[in-house]
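User: Hi! Could you walk me through this structure in simple terms?
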Amino acid sequence: MDNSTQYELVKYLDGEMTESEKAEFEQKLATDEQLKMELESLQLAKAAVLHYGLKERVSDVHGQMMKELKTEAPVKKMGNVRRIIRYSVAVAASVLLVFLAIEGYNFYRLSPNRLFAENYTAYELSTTRDGAAAPETAIEKAYRQKDYSVVIRLNATSVLTVKDVFLTAMSYLETGDVARAISNYQVVLADAGAGNNPMLKDVTDYYLALAFLKNRDFDEAIALMNAIQSNPAHLYKEKFSSRYINRVKRLKWR
Amino acid sequence: MELIKSLSDGELLDAIQQDSGLDKALKAIYRDYFETLSWLVKNNSGNQQDAEDIFQEVLVNFIGLVQQGRFRGESSVKTFLFSMMRHTWLNELKRRGRSEIRELKYEKARPQDEPDVSELIVEREAKKQVMSLVEQLGDTCKEILLMFYYENRSMKEILAGLEYENEQVVRNKKYKCLKQLEQMIKANPFLTQTLKNILHG
């Protein structure tokens, strides 16, 4: 094959012929099998170059993208210490979550009546009486029989001792008339609080604090409970723990 | 970091057909499909390097098919790539001689609507030989041929980057390099057939 034909072949392969040159060359190709085979060989060489170029280009992009994808999603290998810390934090978070859930539930369920019921113990008159003691009053008798309406009625018609007033207060509390119970407790304290009857004062403090709670007078209830708790000699000191008083405080937030 | 948006199949194919959009298309494919498709290899006896090699090979084949107009869009790009990845990795497992069990597992797992791409996948070995032959041409020949045929640079542009007297000298050099490559290919009938497959499908 002469140089001129070789030159033409490459020019055709490279798409550098004019339309007329191309048409004339394709006529030659149609009749010259040798020329056609030569062209095909050169086309294969060109295909190899194109394949090589594409492979290199994909390889370049591959390198860039591997860096990028690894940056975006680094494989985190945790050391043992880090793993332990992570699990510990997870456990602590779970415990905290459970604790908060319980506290939240308790807060939801918190009510003056519930707290009142938790702490309240009905007052019982002593059954042991010695001969020197004063005879039992009608109010005491009615109270012992839990006949609270009689106690309240007698309160309006009798001359009362301070203890009768206390029992009347207790009867109001038992029958749900908290406001009147509070008034009567305050009368008892005015008398017994002067040091006349310390035992009666302590028991009245206790029931008055609970009456304040039930009546939603939280500030008064908290103040009295704190006073009881902080007095080591108070007979009802153990009735009001700090936790209990804190729960009463929370009622103010509801 | 460059922001790469996901492309629809249509946008992806358009970008591949326009040479200027090829990098963008390749990056979008990596973003959208690499993790999923590499899992296919890594979950079937392959490692990360295997997955990367196979994925690159699949991409070269896929782009070749799209640029030659042989991808007809009968399945989605994702399904097509998935199928190519599976076949290419299966062929590699066969070549490694530990394929029997895996092949069975693989074939059982093949979805019924998956396109059959086995005939479209060009032999790995032959492609390696193509790469090796071009490497053997030497740096200058490789550079001139790549700039002219793959990058579509003009002789004037090629001359600007090389130490030759004029365009005609570069043209002559290019011709010699091409002829050298042609002779090397002719000497290998298996390679000749493979390249014919690449060229004509």
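**A chat about the model**

Analyst: Happy to! A:Arg216 sits in the loop of chain A between helix H10 (198-214) and helix H11 (218-229). Keep in mind that this is a predicted model.

User: What is the phi of A:Arg216 like?

Analyst: Its phi is positive, about 65 degrees, although A:Arg216 is not a glycine. Most residues other than glycine have a negative phi.

User: And how exposed is A:Arg216?

Analyst: A:Arg216 counts as partly exposed, because it has 14 C-beta neighbours inside 10 Å. Residues counted as buried have 20 or more, and exposed ones 12 or fewer.

User: OK, chain B now. Where is B:Ser45?

Analyst: B:Ser45 is in the loop between H2 and H3 of chain B. Its phi is positive too, near 75 degrees, and with 16 C-beta neighbours inside 10 Å it counts as partly exposed.

User: At what angle do helix H2 and helix H3 of chain B pack?

Analyst: Helix H2 (residues 22-42) and helix H3 (residues 48-67) of chain B pack at about 130 degrees, with their axes 9 Å apart. That angle is why H2(B) is called oblique to H3(B). The crossing is right-handed.

User: Which residues meet there?

Analyst: Among them are B:Leu26, B:Ile29 and B:Phe34 from H2(B), and B:Ile54, B:Phe55 and B:Leu59 from H3(B). By class, this contact has nine nonpolar, two polar and two charged residues.

User: How many residues does each chain put into the contact between A and B?

Analyst: Chain A gives 25 residues and chain B gives 33. On the chain A side, helix H3 (residues 33-72) gives the most, with 24 residues. That side has 15 nonpolar, six polar and four charged residues.

Definitions and conventions
Residues are numbered from 1 along each chain as its sequence is written. Chains are lettered from A and ligands numbered from 1 in the order in which they are written. This is a predicted model: local features need pLDDT of at least 70, side-chain atom pairs count only at pLDDT 80 or more; totals for chains, interfaces and linings use all residues. Two residues are in contact if their C-beta atoms, placed from the backbone, lie within 7 Å. Helices (H or I, at least four residues) and strands (E, at least two) are DSSP runs, numbered from the N terminus. Ala, Val, Leu, Ile, Met, Phe, Trp, Tyr, Cys and Pro count as nonpolar, Asp, Glu, Lys and Arg as charged, and the others, Gly among them, as polar. Axes are lines fitted to C-alpha atoms, for helices over the stretch in contact, and angles run from 0 to 180 degrees between N-to-C directions. Angles under 35 degrees count as roughly parallel, over 145 as roughly antiparallel, 65 to 115 as roughly perpendicular and the rest as oblique. A crossing is left-handed if the near helix is turned anticlockwise from the far one by less than a right angle, and right-handed if clockwise.
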